[in-house]
Amino acid sequence: MKIAVCVNRVPDTETKVKIGADGKTIDKTGVNYILNPYDEFAVEEALRVKEKFGGEITVISLGGSENVEVIRRALAMGADRGILLKDDSQRDTFSIAKALAEVLKEISPDIIFFGKQSIDYDNQAMPSLVGELLGIPSITVVVKLEINQDGTIIAEREIEGGRERIRGKLPIIIGAQRGLNEPRYPSLKGIMAAKSKPVEEREAVKFENKAEVIEMLLPPPKKAGRILGTDANAVEELVRLLREEAKVI
Amino acid sequence: MAKRVLTFAEQREGKFKKSAFEAVRTGKRVADELSAEFYTLVIGDENVEKIAPELGDYGAEKVLIVQDSRLGQYSLTAYAKVIAEVMQKVEADYLFMSATAMGKEVAPRVAGKINAGFAVDCTDLKVENGEVIATRPVYAGKAFIKVKINSDKKIFTLRPNVFPVGEKDGKVASLEKIEINLNDDDFKVVAFETIAATQGKIDVTEADIIVAGGRGLKAPENFKLIEELADVLGAAVGASRAVVDAGWRPHDEQVGQTGKTVSPKLYIAVGISGAIQHLAGMSSSKVIVAINKDKDAPIFQVADYGIVGDLFEVVPALIKELKKVLGK
């Protein structure tokens with residue numbers, strides 16, 4: 001089975017966001033970067049599919065040369081080879097999706113995994129958009145996946161207040177959600193092996209952006225409110241304030 | 001040339017979601033500001049014709065209905081095709097949808113079909129010099145970006161619970177059925193079964209009130225306090241990452257950067273210290289209440305009202321007081 005996983009490099013979740021000098025992106029000074037957390041579920045699921053059906057896993061990432069770190073992380077978990085689409089420019093979702101679709105067309109995988117969203121821009125759009133550009137179906141926010149020998153699929157995805165079960169067929173794109181699996185840690189052996197696995201570098205094909213960021217803003221600072229007390233005696237006042245002042249209950 | 005705006009009104013199992021009314025109301029407002037013609041689209045099986053007139057109450061004027069027995073079950077591929085084709089038919093320049101589980105999945109596919117730029121999960125839409133400027137959260141709400149779409153066709157999804165529904169207009173919308181040719185190949189993925197989380201459970205992304213618990217609860221069984229408080233308030237139950245990671249609560253309740261970003265009217269954080277990842281996901285709540293033993297917990301920096309105290313005393317007292325005041 002030909003398997004592809006698309007991964008992204010993002011600021012870690014503890015990052016305190018500051019606005020950069022351009023006023024449109026974050027200040028990258030002192031920021032630690034990690035493999036997008038949802039992509040770990042994507043890589044893990046790819047490994048499980050390979051363990052069941054055999055095949056090869058290609059990891060693809062678009063970004064600067066530093067994105068090779070997240071590719072190596074996926075290789076250390078057990079993926080076979082990497083492709084870095086080099087590009088330092090600011091791209092919108094559409095333009096990233098087009099560049100990824102170009103490469104994916106060439107590989108023509110039976111199944112493609114993404115994290116359900118990247119925790120920087122939180123678009124949650126890539127699996128659907130790349131699927132459309134490739135002309136294959138997609139299922140997002142997937143928490144359970146069964147693939148049968150005949151290529152049919154049953155997936156469960158999260159929706160408001162529950163889950164829905166989706167029927168589909170390979171080839172397909174899956175957007176992995178937390179809960180799908182428990183990602184493995186790269187073993188020392190895996191980390192050593194990853195160093196000798198091939199990572200091909202290419203220039204990402206350019207496409208024009210359709211969405212333009214005009215400005216990045218920080219949320220208005222919240223001022224700390226009132227401490228109403230230190231025990232259950234404060235409860236009556238709290239309920240009164242919620243009803244009469246805040247008017248929320 | 002006059003612009004045209006299309007809003008997709010999402011229904012599931014023959015019922016509109018509240019977010020569908022939010023989308024229609026917002027679509028209508030933006031259409032008016034753009035002096036655009038306004039259309040609303042409803043898709044589903046034979047039953048949607050019965051519920052479509054309801055949209056007149058929220059600003060819908062021309063309701064377009066696409067009916068097919070196969071559309072009674074959600075299918076990403078078929079829904080995206082129908083929406084894209086209706087957009088072409090009415091020559092819509094703008095599409096508005098809710099950023100629900102369905103909307104978030106469908107909108108990018110429609111965008112791919114009609115080559116439209118998009119902005120997802122918008123929390124504000126303004127018309128400036130004839131352009132729609134969207135504001136949307138990034139980094140789970142640690143920052144916001146203002147976005148302008150430069151392509152001819154533009155798609156926006158709207159975060160549920162943020163845009164006002166307004167008073168009912170009591171207006172009558174015109175209904176028009178549209179035929180879209182669908183074949184079996186359009187149903188490549190189909191939802192064939194829905195599994196409700198737990199009977200009556202409210203999802204955190206849709207809730208007006210959320211009661212969330214953290215490590216301060218000490219043990220999973222103590223979450224019954226949170227559930228009881230949520231029950232009195234008709235609220236959803238939320239959880240911090242720590243307790244989800246510990247396996248105390250399901251991950252669909254997790255609020256924060258790698259969980260759900262929420263914006264309810266009232267957020268009650270119980271035994272949650274307020275790590276930066278958690279604050280990112282909930283700090284846009286309208287009113288925040290924190291109950292925590294540690295007076296230095298970061299949650300108090302964003303809380304409107306705080307009680308520095310033992311939750312095992314405060315929460316039962318709060319439940320009792322609310323029952324009394326709310327007459328339950």
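This is a predicted model: local features need pLDDT of at least 70, side-chain atom pairs count only at pLDDT 80 or more; totals for chains, interfaces and linings use all residues.
**Entry 1: A:Gly64**

I located A:Gly64 in the loop between β4 (56-63) and α2 of chain A. Is A:Gly64 buried or exposed? Its relative accessibility is 6%, so A:Gly64 counts as buried, the cut-off being under 20%. I also checked A:Gly64 against A:Arg9, which is 55 residues away along the chain. The C-alpha atoms of A:Gly64 and A:Arg9 are separated by 9.7 Å.

**Entry 2: helices α1 and α2 of chain A**

Helix α2 of chain A covers residues 68-77, and I compared its axis with that of helix α1, residues 37-53. The two axes come within 10 Å and cross at roughly 35 degrees. I noted the crossing of α1(A) and α2(A) as right-handed. Which residues make the contact? From α1(A) I listed A:Glu40, A:Val43, A:Glu44 and A:Leu47, and from α2(A) A:Arg73, A:Ala74 and A:Met77. By type, the residues of this contact divide into four nonpolar and three charged, with no polar ones.

**Entry 3: chain A as a whole**

I then recorded the overall figures for chain A. Chain A has six helices and 13 strands. Taken along the principal axes, its C-alpha atoms fill a box of roughly 65 × 45 × 40 Å. Of the 249 residues in chain A, buried residues make up 55%. I also looked at contacts in chain A with a separation of 6 or more: residues 24 or more positions apart account for 70% of them.

**Entry 4: salt bridges within a chain**

I counted salt bridges next, and over all chains the structure holds 55.

A:Glu237 is partly exposed at a relative accessible area of 32%, and A:Arg240 is partly exposed at 37%.

I noted B:Lys28 as buried at 18% relative accessibility, whereas B:Glu61 is partly exposed at 35%.

I also took up the salt bridge of B:Asp186 with B:Lys81, with 2.8 Å between the closest N and O atoms. Again the pair links distant parts of the chain, here 105 residues apart. B:Asp186 is in the loop between β12 (174-177) and β13 (190-196) of chain B, and B:Lys81 is in helix α3 (residues 76-89) of chain B. Are these two partners buried or exposed? B:Asp186 counts as buried at 13% relative accessibility, and B:Lys81 is buried with a relative accessible area of 14%.

**Entry 5: between chain B and chain A**

I turned to the interface of the two chains. Here 89 residues of chain B are in contact with 84 residues of chain A. The area buried between chain B and chain A is about 7300 Å², and carbon and sulfur atoms give 57% of it. Which three residues supply more than any other three of the area that chain B buries against chain A? They are B:Arg109, B:Tyr139 and B:Tyr305, which supply 11% of that area.

How many salt bridges are there between chain B and chain A? I recorded ten. In a salt bridge that I looked up separately, the side chains of A:Glu164 and B:Arg12 meet at 2.7 Å, N to O.

**Entry 6: B:Thr7**

Last, I looked up B:Thr7, which lies in strand β1 (residues 4-8) of chain B. Its relative accessibility is 0%, so B:Thr7 counts as buried. Leaving aside neighbours within four places in sequence, I found B:Thr7 in contact with B:Ala23, B:Val24, B:Gly27, B:Phe38, B:Tyr39, B:Thr40, B:Leu41 and B:Phe96.

Note on methods
Residues are numbered from 1 along each chain as its sequence is written. Chains are lettered from A and ligands numbered from 1 in the order in which they are written. Side-chain values use heavy atoms; hydrogens and water are left out. Axes are lines fitted to C-alpha atoms, for helices over the stretch in contact, and angles run from 0 to 180 degrees between N-to-C directions. Helices (H or I, at least four residues) and strands (E, at least two) are DSSP runs, numbered from the N terminus. A crossing is left-handed if the near helix is turned anticlockwise from the far one by less than a right angle, and right-handed if clockwise. Contact means heavy atoms within 4.5 Å. Ala, Val, Leu, Ile, Met, Phe, Trp, Tyr, Cys and Pro count as nonpolar, Asp, Glu, Lys and Arg as charged, and the others, Gly among them, as polar. A salt bridge is a side-chain nitrogen of Lys or Arg within 4 Å of a carboxyl oxygen of Asp or Glu. Buried means under 20% relative accessible area, exposed over 50%, partly exposed in between (1.4 Å probe, protein chains only). Buried area is the accessible area (1.4 Å probe) that two parts lose on being put together, summed over both.
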